[in-house]
Amino acid sequence: PYVRRSVANHLNDHSKAHPERIVEVLGGWLEAEPDNDSLRQVARHASRTLLKAGHSGALRLHGYASPDAIELTECVISPSRLRVGDALEYQLTVRNRSGQPAKVLFDYAIHHQRANGQPTPKVFKGRIRTLAPGEVWQVRGKHPLRRVTTRRYYAGTHQFEPRLNGATGPTRTFELSVSDA
C-alpha cells in the first residue's frame with residue numbers, strides 16, 4: 001500500500017504538467033486489469049488533481065457521465081450575509097436527463113476575496129452518486145467559514161460555484177464580514 005500510494009502521488013504531481021499523458025497511462029493500466037481494485041485506487045488517487053480541475057479525460061476515465069447528460073435545475077445558498085465562524089448552506093437539484101444511468105461528481109468552489117479585492121477559487125470535494133435515467137438528486141450541505149491556519153478571510157463579496165462533472169454551474173454570491181477577534 002505504501003508503494004502504491006507513492007506511485008499515485010508521483011503520477012498526480014506529474015499530471016500537473018502532462019495531464020493527457022497521465023490519463024493515457026492510467027487508462028492503459030485500467031484497460032489491462034479492469035478488475036484490479038488496488039489499481040483502481042491508485043488511478044483515483046493519481047488523478048485527484050485532474051478530477052478537481054474538471055479534466056474531461058480524467059472524468060471519462062473514472063466513468064463520469066458527460067456534463068450534457070445532467071442538468072442543474074436549482075441552486076440556492078443561505079444566508080446571504082455571514083460572519084467568519086458561520087456556515088454557508090447550499091441546496092442543489094440535479095437531474096439525469098439522459099436515457100441511461102449517469103455517474104455524477106459534485107464538487108463546489110468558493111471564490112474567496114483576497115487582500116487585493118480579487119476573488120480566488122478554492123475547490124472542495126462534494127459527493128459522488130449514480131443517477132438512474134430521469135432521477136432527481138437533492139444535494140444539501142454546509143460549508144463552514146471558520147478560521148483556519150491555511151487561509152485568511154477578507155470581508156466582502158464571495159461566491160459559491162457548483163461543479164457537476166467538470167461543468168461549472170451558476171455562481172451565487174454572499175457577503176462575508178470579518179471581525180478582528
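Modeller: The protein exposes about 10300 Å², and carbon and sulfur atoms supply 48% of that area. Such areas come from the Shrake-Rupley method with a 1.4 Å probe; for residues, only the protein chains shown count as cover. This is a predicted model, in which local features need pLDDT of at least 70 and side-chain atom pairs count only at pLDDT 80 or more, while totals for chains, interfaces and linings use all residues. Residues are numbered from 1 along each chain as its sequence is written, and side-chain values use heavy atoms, with hydrogens and water left out.

Colleague: How many positive and negative side chains does the protein have?

Modeller: Lys and Arg count as positive and Asp and Glu as negative, with His and the chain ends not counted. The protein has 27 positive and 17 negative side chains, and the centres of the two sets lie 6 Å apart. Each charge is placed at NZ of Lys, CZ of Arg, CG of Asp or CD of Glu.

Colleague: In what order do the elements of the protein run from the N terminus?

Modeller: Helices (H or I, at least four residues) and strands (E, at least two) are DSSP runs, numbered from the N terminus. Here there are five helices and nine strands, in the order α-α-α-α-α-β-β-β-β-β-β-β-β-β. The C-alpha trace spans about 55 × 40 × 25 Å along its principal axes.

Colleague: What share of the residues counts as buried?

Modeller: Buried means under 20% relative accessible area, exposed over 50%, and partly exposed in between (1.4 Å probe, protein chains only). Of the 181 residues, 38% count as buried. Strand β7 (residues 156-164) has seven of its nine residues buried, so it is largely enclosed by the rest of the structure.

Colleague: Which strands pair with β7?

Modeller: Two strands pair if DSSP finds at least two bridges between them. Strand β4 (residues 102-113) runs antiparallel to β7 and is joined to it by six bridges; H111 has Q159 of β7 as its bridge partner. With β8 (residues 167-168), β7 forms two antiparallel bridges, and R163 has T168 as its partner. These last two strands form a hairpin with two residues between them, where N165 in the turn has a positive phi of about 50 degrees.

Colleague: And G166: where is its place?

Modeller: G166 is in the loop between β7 and β8, and is partly exposed, with a relative accessible area of 35%. Contact means heavy atoms within 4.5 Å. Not counting residues up to four places away in sequence, G166 touches G54 and L59. Its C-alpha atom is separated by 8.8 Å from that of S66, 100 residues apart along the chain.

Colleague: Which residues have the most contacts inside the largest nonpolar core?

Modeller: In soluble globular proteins, nonpolar side chains tend to be buried together. A nonpolar core is a set of buried Ala, Val, Leu, Ile, Met, Phe, Trp, Tyr and Cys residues joined through side-chain atoms within 4.5 Å. The largest here has 26 residues, and L88, Y90, F106 and F160 have the most contacts inside it. Its largest share, five residues, comes from β4. A second, separate core of nine residues includes A8, L26, L39 and V42.
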